[in-house]
Amino acid sequence: MEKKFYGYSRQHIDDEDIKAVVEVLKSDFLTTGPKVAEFEEAIKQYLSVKHAICVSSGTAALHIAASIMLNKGDKVLTTPNSFLATSNAILYAQAIPIFVDVDNQANIDLDICEDMLKKDNSIKAIFAVDFAGNMVNPKRLMYLKEKFGVKVLEDCAHSLGAVFEQYKAGDCAFCDVATLSFHPVKTITSAEGGCIVTNDDYVAKKAIVLRNHGIVRNSEDFIYNDDNPLYFEMQDLGFNYRLSDVHSALGISQLKKIDYFLSERRKLAKNYDSAFYNTPIRPLHLNSNSSYHLYVVRVNFKELGKNKSDVMKLLKTKGIMLQTHYIPINAQPFYRNLGYDPNSTPKAIEYYKECLSIPLYVGLSLDEQEFIINAIKSAILN
Ligand SMILES: Cc1ncc(COP(=O)(O)O)c(C=O)c1O
């Protein structure tokens with residue numbers, strides 16, 4: 001029998017998804033057709049947000065959002081505990097990321113943000129990331145936004161489906177713009193894909209132009225007159241960040257199942273919570289409102305006389321591929337070369353030494369989960 005491998009996350013594709021994609025492949029439009037608008041409409045409905053602009057990846061969404069929101073030289077508070085794409089987008093816009101240390105949830109520490117904002121009124125924005133699917137406190141973000149006049153961007157790559165009291169990740173009730181990712185490990189997938197969501201008409205209009213080479217097609221917005229019926233104007237330096245109809249069809253089909261996906265993830269997370277209760281394997285957050293993109297545990301390996309990489313290697317021999325989210329971004333050589341120092345965020349370093357992302361995805365059976373729990377306990381506690 002072929003050995004099974006358990007990664008930290010993976011997609012869940014059913015026959016309906018396949019049918020939806022095949023229908024588009026047989027249709028007239030593989031791209032710039034009706035499915036993109038249909039997917040955008042479905043996202044708008046789901047998040048109760050005014051605008052949704054689909055793009056080719058979560059990174060493209062961040063790039064466009066940063067290009068619109070930031071100016072050259074702007075100082076932007078962000079987290080070292082994210083995928084590189086978040087702070088890279090700030091750099092693409094020629095702005096300056098400032099890495100703020102993490103709190104106990106491994107999210108950006110808003111107390112530190114507040115202190116920094118009090119001391120430096122040249123800070124222009126906060127790029128928050130809902131790490132692992134656990135929302136950065138929306139009320140506090142809204143307070144900082146209002147008190148200090150900063151722009152707020154929410155990177156919801158992990159948190160589609162997460163809620164915090166009356167707020168939903170990506171509903172833009174407390175931020176200027178939010179970005180989504182539909183990479184296969186995320187809550188829903190379109191294979192590759194992303195989305196910019198906002199209630200701001202200007203941001204939406206600009207995002208639509210930037211995702212398609214900076215091209216404007218609406219004659220009311222033309223700068224020059226030209227009677228060529230196919231006339232268009234390039235008014236900005238944009239990109240080809242369009243999402244195809246093939247990807248959109250998959251996204252539409254997946255979004256229909258999001259409630260099921262979330263309930264399965266939360267059920268599995270609860271099982272892990274109980275299995276590790278009162279052990280040195282400490283779940284990062286016991287928060288049922290998380291979308292549980294990741295299930296992260298923290299282990300003080302030093303205290304247990306264990307070595308993290310030995311534990312990871314041992315579990316790999318059993319087919320269990322643990323991950324570490326994330327190596328602090330400011331520890332990356334590229335960022336060090338720009339002058340960043342990971343020691344400026346000591347809690348992120350400490351967290352990195354202790355964190356493990358363990359398998360959590362729709363389709364993981366209870367038997368498989370039990371096998372994973374026993375193997376992890378045995379590797380860490382024995
Ligand atoms: C927090 C975060 N932001 C942005 C991205 C980029 O998304 P994509 O892979 O769709 O470009 C990722 C991807 O893993 C992510 O984890």
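**Exercise 1.** Determine which side chain Ser-181 meets in a polar contact, and describe the surroundings of Ser-181.

*Solution.* 
Step 1. The side chain of Ser-181 makes a polar contact with the side chain of Lys-186 at 3.2 Å. A polar contact is a pair of N or O atoms within 3.5 Å; within protein, one must be able to donate a hydrogen and the other to accept it, and residues adjacent in sequence count only if both atoms are side-chain atoms.
Step 2. The Ser-181 side chain also reaches the backbone nitrogen of His-183, at 3.3 Å.
Step 3. Ser-181 is found in strand β8. Strands (E, at least two residues) and helices (H or I, at least four) are DSSP runs, numbered from the N terminus.
Step 4. Ser-181 counts as buried because its relative accessibility is 10%. Buried means under 20% relative accessible area, exposed over 50%, and partly exposed in between (1.4 Å probe, protein chains only).
Step 5. Neighbours within four places in sequence left aside, Ser-181 is in contact (heavy atoms within 4.5 Å) with residues including Gly-58, Ala-157 and Ile-188.

The model is predicted: local features need pLDDT of at least 70, side-chain atom pairs count only at pLDDT 80 or more, and totals for chains, interfaces and linings use all residues. Residues are numbered from 1 along each chain as its sequence is written, while side-chain values use heavy atoms, with hydrogens and water left out.

**Exercise 2.** Identify which residues come nearest to the ligand, and state how much of the ligand the protein buries.

*Solution.* 
Step 1. There are 16 residues around the ligand, where a residue counts as near if one of its heavy atoms lies within 4 Å. Gly-58, Thr-59, Asp-155, His-158 and Ser-181 come nearest.
Step 2. Helix α3 gives the largest share of this shell, three residues.
Step 3. Ligand oxygen atoms lie 2.8 Å from a polar backbone atom of Gly-58, 2.6 Å from an N or O atom in the Thr-59 side chain, and 2.8 Å from a polar side-chain atom of Ser-181.
Step 4. Taken alone, the ligand exposes 390 Å², of which the protein buries 91%. Accessible areas come from the Shrake-Rupley method with a 1.4 Å probe; for residues, only the protein chains shown count as cover.

**Exercise 3.** State how many salt bridges the model contains, and examine three of them.

*Solution.* 
Step 1. A salt bridge is a side-chain nitrogen of Lys or Arg within 4 Å of a carboxyl oxygen of Asp or Glu. By this rule the count is 19.
Step 2. Lys-4 pairs with Glu-368, the closest N and O atoms being 2.5 Å apart. This pair links distant parts of the chain, 364 residues apart: Lys-4 precedes α1, and Glu-368 belongs to helix α14. Lys-4 is partly exposed at 45% relative accessibility, whereas Glu-368 is buried at 12%.
Step 3. Glu-114 and Lys-118 form a salt bridge with an N to O distance of 3.9 Å. Because these residues are four apart in helix α5, about one helical turn separates Glu-114 from Lys-118.
Step 4. Asp-176 meets Lys-145 in a salt bridge of 2.9 Å, N to O. Asp-176 lies in the loop between β7 and β8 and Lys-145 in helix α6, so the pair ties together parts 31 residues apart in sequence.
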